[in-house]
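Please read the following explanation alongside the sequence and the coordinates. It goes from overall confidence to local detail.

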Amino acid sequence: MKIFFKLMLVLIFLIGLPSVMLGQHNPDGRKVSLECVTCHVSWHDAVNSKMSLLPEVDAPIQLQGIPARIPMAAMCFTCHDGTVKDSRQIFASNNHKPGMQVQHADVQGMPLDKNGNIYCGTCHTPHSLKPDRIGGLAPFLRKEKNNSALCLSCHSNQSKDHLNHPLKVKVGAGNKMAKNTFWGKDGTIECMTCHPIHGTQAVTGVQGNDRSELCSSCHEAYFKIKLTDHDLTSSLKNKSGTIGPELGGNDPCVACHVSHGAKAKHMWAMEIDPKLGENGYCIGCHSNDGLGRAKVYSHVGHPVSGNLAKRNVPALGIKIGDELLCKTCHDPHQWEFSQKHGLSTANEEGTEYTSFLRLPDDAQGQLCVTCHQNQATMFSSDHSVSREGFQQFFRESNTLHGQCTVCHDSHTDALGSSTGGDPYAVLCLRCHDGEYFPTSVVHNNHPMGVPFISTSKLGGYKKDGQTLLSCNTCHDPHKWGKTVESSKTADLKGDDRNSFLNISNWPEPKLCLDCHSKKATVLMTDHDLSDPSRSACSLCHTPHNAETQYGILARWGGSPGESFNEKHCFSCHNKDGLAANKLVEGYSHPREFGILSPAARGQGSWLDFPIFTEGGPSQTVGHIDCFTCHDPHTWSYKAELQKPGRVNEEGNDLTSFLRNPSQRTLCTDCHGENTLWKYNYYHDPVKRKRY
Amino acid sequence: MNRALTKSTNMRMNKYLIPLLISGISLGQDPIGLEINFSLVQEYEAGFTFPTDLCGNEQGDVFVLDAMNDRVVVLKASGGTSEIKPQRDSFYKAVGIAYINGDLWIADTPRSRLLKLQLDGRISEVIKLDHGIEPVDVIAAGAYKVVSDRMNHSITVLDENAKEKYHWGSRGEGFGQFINPGFMAMAPENRLIIGDILNRRVVSYSQSGRYPQVIAKPGVERGQIFRPKGIDLDAQGRIWIADGYTGAIQAFSVSGKFIGIATNKGKSIALKGPMGIWVDKQNRLWVVEAFASKVSVWQISK
């Protein structure tokens with residue numbers, strides 16, 4: 001029984017053998033496995049043509065000279081219909097679908113169909129390594145997609161950095177791309193990150209020309225540009241005759257940036273003048289014929305190109321040696337740094353708080369002090385805009401300025417509003433000539449606009465190759481100087497130690513002597529009246545609002561005397577004055593006689609014995625006055641006697657601040673041989689009348 | 001029951017049954033078969049995007065799973081169409097649909113679950129499937145439900161409480177194995193007919209996966225199958241099988257005999273990517289032509 005059963009099995013097996021022995025062979029005659037005919041439908045052996053169910057196809061692909069069925073979409077679909085894998089969304093997509101023409105692509109090393117169009121097999125082949133193998137190319141791709149190699153086989157012209165969106169850059173975890181977004185190795189951007197090759201959209205998040213959704217997914221911060229003047233979809237929307245790129249929908253990026261095929265770096269949409277360097281991106285529009293011509297860039301403003309940062313400024317993202325650029329101060333994507341400013345489409349005028357500034361020029365002068373730290377000392381001085389004078393001015397003029405822009409305008413002139421002449425004086429007098437400030441300098445100031453010789457090479461303003469004296473010769477408006485009070489300097493009355501002086505004028509009057517070095521002879525004489533807050537010069541002279549223009553003589557109040565000089569001298573030389581022990585009993589040469597100056601008489605310099613009129617010194621005709629004989633800065637006309645001696649030394653005819661020896665006086669013209677008597681007893685009202 | 005049913009069962013099957021079955025197939029097949037005339041009754045496009053499956057009810061309404069559009073399209077027996085959109089849920093990219101005891105059941109393939117869909121779009125029951133199952137098709141087997149699984153290449157049987165009772169099958173070419181089981185149908189005597197897509201065959205099994213009977217063997221000639229897709233039985237007990245590549249619709253007996261092929265005007269019909277099929281009481285065969293994104297209705301001649 002067992003033998004019979006076994007024989008039956010063998011018989012049945014042999015009868016059935018042909019059906020299992022029939023194999024499959026490829027066109028070369030090589031036997032292939034069953035797996036091959038899973039797709040290679042033509043490799044079924046001995047297909048009876050009358051019995052064949054193979055559909056007639058117009059195969060656009062030839063393999064080994066035979067129209068190929070495999071790479072046709074119909075074959076792919078038999079598995080990718082959801083029963084094996086689901087790729088229906090790919091078949092539904094018009095994006096890279098079979099039969100698509102390759103008009104704009106430069107196909108390199110990828111097969112096309114007989115019509116030169118793409119088909120599934122252009123990019124895919126089941127014979128690539130399986131995706132789960134090392135080096136496998138999911139989904140059965142001919143080339144790697146993780147590094148965009150697949151895409152660049154045809155689109156190599158869209159990979160050049162800067163002119164196209166960069167590849168292989170890592171995107172922050174905070175991006176808002178869809179969860180199924182394709183990322184390269186280590187989360188880098190690759191072609192398919194934005195271009196889901198078989199997606200329903202050619203580019204993710206792009207509606208028509210509007211890339212807002214896509215761009216904002218990674219560059220959300222830049223979308224602060226919306227509704228600003230740089231959002232041309234908004235600011236130029238209702239304007240006719242505009243120039244520049246076409247605006248696409250509500251895409252605020254498109255005016256300046258294109259994703260591919262840019263004309264300049266930064267994916268720039270417009271031509272840039274290469275001579276302008278990095279600033280060209282701004283000046284391209286902010287020029288006379290540009291889109292931003294309403295805000296034309298001026299070269300007289302803050303220096304940019306060619307100037308290098310001298311320190312690291314993290315707040316502005318610049319490092320030592322970085323070139324200063326428009327974007328150093330401006331963030332073209334952000335109208336106002338804190339985003340607290342409500343925006344509209346009204347093209348509002350910018351302020352120190354807005355204007356695309358990276359930081360505001362506020363009460364702390366945030367923007368400017370990032371570089372100009374040394375000037376920050378101003379913010380606690382009377383030059384701070386927080387002082388009441390400024391505040392009152394702002395209120396009444398309905399304006400608002402920051403610490404720096406109240407004086408400086410970055411895009412017109414470093415000292416804004418100067419239209420010629422002395423820009424410093426113009427600027428300073430905007431405030432110091434008005435009603436809001438107690439320190440107005442309205443009359444009898446130190447001479448301005450004159451050449452000067454400064455030991456320390458003090459500044460001034462340049463004109464015709466000369467440096468002329470101006471406010472900045474003596475003052476640095478950013479530095480109050482030594483603060484003598486424990487409180488801040490607000491509304492303090494200044495003195496020789498501060499007052500925004502370039503050089504401290506106390507205890508020695510170094511600032512005055514920097515130019516008036518010959519007047520240093522006054523030091524340590526009885527006329528050196530310096531005290532803890534006042535230098536030797538300041539008792540007699542005041543550079544602003546003096547009693548006289550000549551000599552900028554300080555105010556003398558109700559002191560006696562006929563002339564300015566007498567009043568000036570008697571302000572001390574009176575019984576209640578500082579020089580009460582040197583009272584002058586007789587004085588005032590008769591004024592009915594005009595006196596010729598030495599120069600007019602051809603006998604020397606008019607300064608040998610200066611004569612005066614009511615307007616000041618005269619080089620021709622005038623009157624004899626105190627300073628005709630006395631030089632208050634020089635104890636003796638003899639150098640050896642000028643050396644400082646003991647205090648309150650009694651004078652004689654060689655000293656006593658006499659300007660010159662008696663024999664060189666003018667007196668002989670009228671007084672002849674009585675001159676010596678008159679001269680010696682000039683201040684004795686009795687004796688001087690003897691002759 | 002566990003996954004492989006039992007190892008010894010399979011070994012016995014391999015030792016004795018496989019040769020017998022193969023021989024039986026070889027000896028029993030009619031290589032010619034009949035040409036069964038099909039006449040086109042109607043075509044529906046209805047905005048479909050690669051629909052995959054359909055089913056019908058006793059009233060003659062047909063439900064087409066148009067999952068790429070996240071909907072079921074109802075082709076009403078009374079004429080006209082409507083759609084069922086899922087409320088607060090989605091079955092995007094689902095593949096299979098069945099009408100079981102008055103309810104629509106959807107094999108929500110990518111989300112590893114079965115959904116019971118009400119006609120108003122409400123999803124009244126969600127059955128989460130274990131083992132990462134990606135269900136391709138679901139059919140009723142008495143009180144049980146049977147699910148084909150493209151992920152594990154297996155068949156899962158759920159009991160009346162929708163709990164997994166057992167599963168069987170693995171990836172391979174032997175009987176009891178599959179390379180992507182797809183659409184299924186129930187034949188008399190609880191025979192489970194399964195399209196074994198990449199093994200290019202249709203085989204019937206007992207519900208527990210035993211006693212395989214080849215219905216259609218691999219090939220591209222009449223009586224053979226290359227991409228088995230939709231399967232259904234008509235009132236005569238003929239097993240109709242759609243071939244997703246050749247586009248042919250062929251009939252086999254439950255014993256695996258090739259009965260005939262659908263023809264139209266003397267030529268075998270070649271549909272565009274046919275997938276799910278359903279034969280109604282009027283002996284009309286409804287077929288999803290997925291690649292053409294349409295449904296066509298064919299009258300089967302007597």
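Residues are numbered from 1 along each chain as its sequence is written, while chains are lettered from A and ligands numbered from 1 in the order in which they are written.

The model has an ipTM of 0.91 and a pTM of 0.70. Two residues are in contact if their C-beta atoms, placed from the backbone, lie within 7 Å. Where pLDDT is low, predicted coordinates should not be read in detail.

Chain A contributes 31 residues to the contact between the chains, and chain B contributes 40. On the chain B side, helix α1 (residues 7–28) supplies the largest share, 7 residues. Helices (H or I, at least four residues) and strands (E, at least two) are DSSP runs, numbered from the N terminus. The chain B side consists of 20 nonpolar, 13 polar and 7 charged residues; Ala, Val, Leu, Ile, Met, Phe, Trp, Tyr, Cys and Pro count as nonpolar, Asp, Glu, Lys and Arg as charged, and the others, Gly among them, as polar.

Next come the strands. In a regular strand, side chains alternate between the two faces of the sheet. Strand β23 of chain B (residues 249–252) is covered on both faces, with I249(B) and A251(B) buried on one side and Q250(B) and F252(B) buried on the other. A residue is buried if 20 or more other C-beta atoms lie within 10 Å of its own, exposed if 12 or fewer, and partly exposed in between, with C-beta atoms placed from the backbone.

β23(B) pairs in the antiparallel sense with β22(B) (residues 239–243) over 4 bridges; strands pair if DSSP finds at least two bridges between them. W240(B) has A251(B) as its bridge partner. This hairpin has 5 residues between its strands, and G247(B) in the turn has a positive phi of about 80°. β23(B) also pairs antiparallel with β24(B) (residues 258–264), over 3 bridges, where F252(B) is partnered with F258(B). In that hairpin 5 residues lie between the strands, and G256(B) takes a positive phi near 95°.

Finally, D89(B) lies in the loop between β5 (81–84) and β6 (96–100) of chain B. D89(B) counts as partly exposed because it has 16 C-beta neighbours inside 10 Å.

Technical notes:
This is a predicted model: local features need pLDDT of at least 70, side-chain atom pairs count only at pLDDT 80 or more; totals for chains, interfaces and linings use all residues.
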